[in-house]
Amino acid sequence: MIAFLGQGRMGVRMARRLEPAGHKVTAWRRGTGVTPAAAVDGAELVITMLSDPAAVREVLSAALPGLRPGVTVVEMSTIGPEAVRELRALLPPEVGLVDAPVLGSVGPAAEGTLTVLAGGDVSDCREVLSVFGSVRELGPLGSGAAMKLAVMSALVPAQVLLAETFAYGVAHGVDRDALIDVLSGTPLGTLAERLRVPPTETRYSLAHAAKDLELAAWAGAPVAGAARARLQDARAAGLGERDVTAIAEHVEGGTRPRAVPVNVATVPATNGAYSHAVRAGDLLYVSGQAAFDEQGNVVGEGDMTAQAEHVFQVVSRILADQGATFGDIAFIRTYLTDMDKRVEYGRVRRKYITGTPPASTTVEVPRLFMPGLLLEVDLVVALTPAGR
């Protein structure tokens, strides 16, 4: 049996290919009420296809009790080689691990024509991986993750470069179709043709492109760093769920609004009266986060440790969505209904906020907005300035 722990358009299309190929599949996604541990119970192969390193760590940590000795975990998200090494340390020695991110978008995912970039021993999963497309075995564990980021560090900046090229052309009266015609005769032709008629379907989201460069861009790569800043800016302007080609629209359109609401799909939806966060310039203001699930029920009622863990997991997903980490928190404010429980809260907080602590305020309040809640946390986060 294969357990497929995934989300998003790519994950859905990939999972759908397995049963017609003769495999019994248990699929998991957020919000169904099924735990990752229950989903992987009895599986011989576990595939993860999630949004970012934080989500992969969270879901596999929750799946640990259900992983049987001898199972192989195939990590197919784009998370980078460092995160793959962290997963190896997280998983028990008797659980195998292969990293196998893919090249391609939702169309090839549905057709089974992706390129699978595999690192590690694929002997137990080669046949399954071939259901998704051609498999390239690249070497030891982490090789696939490193190859994926190397490729994206070229392709994504090239898309941003074309956006700037089109903006220059507009500013100087260059005919758009003529520009695409000329570019089509160059090595950039395939990417340029995608801009002739911008896609209505999101094949590779701008948010995922920004996340990939946040993982791939390094201090010695100023071009990738500048492209990352452009994409972060467009994501903050609300274009994250659009196809990455929307970066051309953003660059041509000028600067973003001063305050941009941020609502993250992997976090329980708000009641409509507030946003998860608001980005203003290079600051992110995160609304008060409390321990409730997708159905609006309190998580871990009466248990400070459980509620604090839930809150910091939610915060980690909001930070990851904006390309930030706990190290970027400038200010944290905590509301506790019982100051005597601050030691339990502090123990959890120190797991996530390490090193030099941010500015901080902790206050006791008589009650919070939902009975059973023990704490609420809001934040101010310093984001990477655009253009740096």
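Tutor: Start with helix H3 (residues 53-63) and helix H4 (residues 81-90), whose axes come within 11 Å and cross at roughly 10°. This is a predicted model, where local features need pLDDT of at least 70 and side-chain atom pairs count only at pLDDT 80 or more, while totals for chains, interfaces and linings use all residues. Residues are numbered from 1 along each chain as its sequence is written, and side-chain values use heavy atoms, with hydrogens and water left out.

Student: Why are H3 and H4 called roughly parallel?

Tutor: Angles under 35 degrees count as roughly parallel, over 145 as roughly antiparallel, 65 to 115 as roughly perpendicular and the rest as oblique. H3 and H4 cross at roughly 10°, so they are roughly parallel to each other. The axes are lines fitted to C-alpha atoms, for helices over the stretch in contact, and angles run from 0 to 180 degrees between N-to-C directions.

Student: Which residues make the contact between H3 and H4?

Tutor: From H3, Pro-53, Val-56, Arg-57, Leu-60 and Ser-61; from H4, Ala-83, Glu-86, Leu-87 and Leu-90. Contact means heavy atoms within 4.5 Å. By class, that's six nonpolar, one polar and two charged residues.

Student: What makes S6 and S8 edge strands?

Tutor: They belong to an open sheet of three strands with the order S6-S7-S8 and mixed pairing. Two strands pair if DSSP finds at least two bridges between them. Strand S6 (102-103) and strand S8 (133-137) each have a single partner strand, so one side of each lacks a neighbour in the sheet.

Student: What makes a group of residues a nonpolar core?

Tutor: The residues must be buried Ala, Val, Leu, Ile, Met, Phe, Trp, Tyr or Cys, joined through side-chain atoms within 4.5 Å. Buried means under 20% relative accessible area, exposed over 50%, partly exposed in between (1.4 Å probe, protein chains only). The largest such core here has 31 residues, and Leu-213, Leu-231 and Ile-247 have the most contacts inside it. Helix H7 (143-171) gives the largest share, nine residues. A second, separate core of 30 residues includes Met-304, Ile-318, Tyr-345 and Ile-353.

Student: Which residues does Ile-247 touch?

Tutor: Leaving out residues up to four places away in sequence, Ile-247 touches Gln-159, Val-160, Ala-163, Leu-206, Arg-230, Leu-231 and Ala-234.

Student: Now the six-stranded sheet: which are its edge strands?

Tutor: The order is S9-S10-S11-S14-S12-S13, with mixed pairing. Strand S9 (259-262) and strand S13 (359-364) each pair on one side only, which puts them at the edges. Neighbouring strands are turned by 15° against each other on average, direction ignored.

Student: What makes S14 mostly covered?

Tutor: Seven of the eight residues of S14 are buried. Helix H13 (residues 304-321) lies across S14, among other strands, running at about 25° to S14.

Student: How many bridges join S14 to S11, and how many to S12?

Tutor: Five bridges join S11 to S14, running antiparallel, with Leu-283 opposite Ala-382 in S14. S12 and S14 have seven bridges, also in the antiparallel sense, and Thr-334 stands opposite Val-377 in S14.

Definitions and conventions. Helix = DSSP H or I, 4+ residues; strand = E, 2+ residues; numbered from the N terminus. Nonpolar A, V, L, I, M, F, W, Y, C, P; charged D, E, K, R; others polar.
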